[in-house]
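Please consider the chain shown below, first as a whole and then through one of its helices.

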Amino acid sequence: MTGCTGVIVVEDHELLADGLCRLIEDELGWCVLARVVNGLDVYRACVVHRPALIVLDLGLPGMDGVDVIRQCVQRWPELRIVVHSASDDGERARQSLEAGAGAFVLKSSSRTTLINAVSVVMRGDRFIDPAVFGIVHDPTGMPLTSKPGAAELPERLLTLRERQVLKLAAEGQRNRDIAQLLSISVKTVETHRLNMMRKLDAHNVADIVRWAHRLRMLL
């Protein structure tokens with residue numbers, strides 16, 4: 001449809017995804033180009049559809065939502081992203097905005113709040129749900145800064161690929177399965193896994209799962 005603002009909805013709960021699609025198409029008059037349920041498929045969907053906006057749930061299987069934001073914004077700096085989250089965790093909101101999202105909205109908030117957030121983001125500004133507390137927002141739109149000492153945290157040393165391997169391993173995927181999902185060799189997965197475990201001082205699967213919970217990759 002010519003002139004229609006293209007949107008990708010990333011939500012693994014079907015009823016919520018249905019509601020978001022109706023809001024986007026019926027109330028905003030925009031086009032839902034795709035619905036995605038797995039974090040690993042978001043980048044691929046963007047390559048195919050080239051949306052102007054992503055409405056993104058953070059709690060996705062396959063790849064952490066914050067990493068999805070980083071990956072997409074790095075490739076398409078003009079892409080607008082609205083996080084639609086069930087969590088009122090201020091740290092996750094801060095991480096999302098720092099990664100490049102334009103808005104953080106709670107799923108418990110009203111449709112008016114979400115519509116307002118989308119409108120603000122499409123103008124190039126930032127929006128934070130008033131119900132979210134504990135984060136610092138610079139109204140000038142300047143990038144958010146990390147907490148003091150954050151650069152020294154071991155998880156900050158992980159590459160995007162190592163974080164992907166961490167999440168998938170914590171979800172119970174074997175190296176062979178991870179290799180298939182990421183389209184890389186098993187040997188490459190083993191290398192990323194060893195590097196990730198070394199950086200985190202993780203020695204077994206239980207340690208990997210604990211780190212995934214600590215980094216809020218698992219809900």
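The paragraphs that follow describe the chain in general terms and then turn to helix H8.

The model is predicted. Its chain contains 9 helices and 6 strands. Of the 219 residues in the chain, 48% are buried. Where contacts join residues at least 6 apart in sequence, 62% of them link residues at least 24 apart. The accessible surface of the chain amounts to about 11,000 Å², and carbon and sulfur atoms account for 53% of that surface.

Helix H8 covers residues 186-200.

Which residues of H8 are buried? They are Val189, His192, Arg193, Met196, Met197 and Leu200. The spacing follows a general rule: an α-helix has 3.6 residues a turn, so residues three or four places apart point the same way.

The buried residues of H8 are covered by elements that include helix H6 (160-170), helix H7 (175-182) and helix H9 (205-214). On the face of H8 turned away from its buried side are the exposed residues Lys187, Leu194 and Arg198. After H8 comes Asp201, which has a positive phi, near 55 degrees.

How values were computed:
Residues numbered from 1 in each chain as written. Predicted model: local features only at pLDDT ≥ 70, side-chain atom pairs only at ≥ 80, totals over all residues. Heavy atoms only, no water. Helix = DSSP H or I, 4+ residues; strand = E, 2+ residues; numbered from the N terminus. Buried < 20%, exposed > 50% of the residue type's maximum accessible area, 1.4 Å probe, protein only. Contact = heavy atoms within 4.5 Å. Areas by Shrake-Rupley, 256 points an atom, 1.4 Å probe, with all protein chains shown as cover. Expected span 1.5 Å × (residues − 1).
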